[in-house]
Amino acid sequence: MRLVILALLFPLLGHAEPASVIRATELKSEPATDASTVAQLPENTAVEALQRQGGWTRVKAAAGEGWVKMLTLRYGSAGSAKKGDTGIAQIFNVARTGSSGTQVTTGVRGLDEEKLANAQPNPDELEKLNKFAVERPAAASFAAKGKLSSHQVDYPKP
């Protein structure tokens, strides 16, 4: 019996799912924005999705193999809408919905204990973040235009 179950699950273990990039994107050597760029993938480039890690997906394309941000992918064969799963695949894809059979939610896990313990400062990224800062009068003007009001929120107690 175990052999039958293993035989049914085996195709799912090394499964590469067809996908395409929904906009031009960089194919990275590692799942990080500051990793070296392997290639530029134009919009609608066909890829095979191989593995997911956080907000990144490892893909194989004609231009090479590497990582793209998962939100740049549309699953299914390029140029065609994916139909709903049938047969044994439908049993394992209970989270799929609608006539297209595509998944409707995406989640990315936060930092784990190891990443927090090994965190290193990155002055370049801090500088990028500081470029998004605005002066208080500009923020107040933006809030007024959107009819937003301020509310005091206390820090949670430890």
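Follow the sequence and the order reads α-β-β-β-β-β-β-β-α-α-α-α. This is a predicted model, in which local features need pLDDT of at least 70 and side-chain atom pairs count only at pLDDT 80 or more, while totals for chains, interfaces and linings use all residues. Residues are numbered from 1 along each chain as its sequence is written, and side-chain values use heavy atoms, without hydrogens and water.

Next, select Ala19, Val21, Leu27, Ala39, Leu41, Val47, Val59, Ala61, Val68 and Leu73. These 10 residues are the largest nonpolar core, meaning buried Ala, Val, Leu, Ile, Met, Phe, Trp, Tyr and Cys residues joined through side-chain atoms within 4.5 Å. Colour β1 (17-21), β3 (37-41) and β5 (56-61), the elements that each give two or more residues to this core.

Now click on Leu73. Setting aside neighbours within four places in sequence, Leu73 has contacts (heavy atoms within 4.5 Å) that include Ala19, Val21, Val47, Val59 and Val68.

How much of the protein is buried? Of its 158 residues, 17% count as buried, which is under 20% relative accessible area, with exposed over 50% and partly exposed in between (1.4 Å probe, protein chains only).

Last stop: zoom in on Leu126, in helix α4 (residues 123-130). Leu126 counts as partly exposed because its relative accessibility is 47%.

Conventions: Helices (H or I, at least four residues) and strands (E, at least two) are DSSP runs, numbered from the N terminus.
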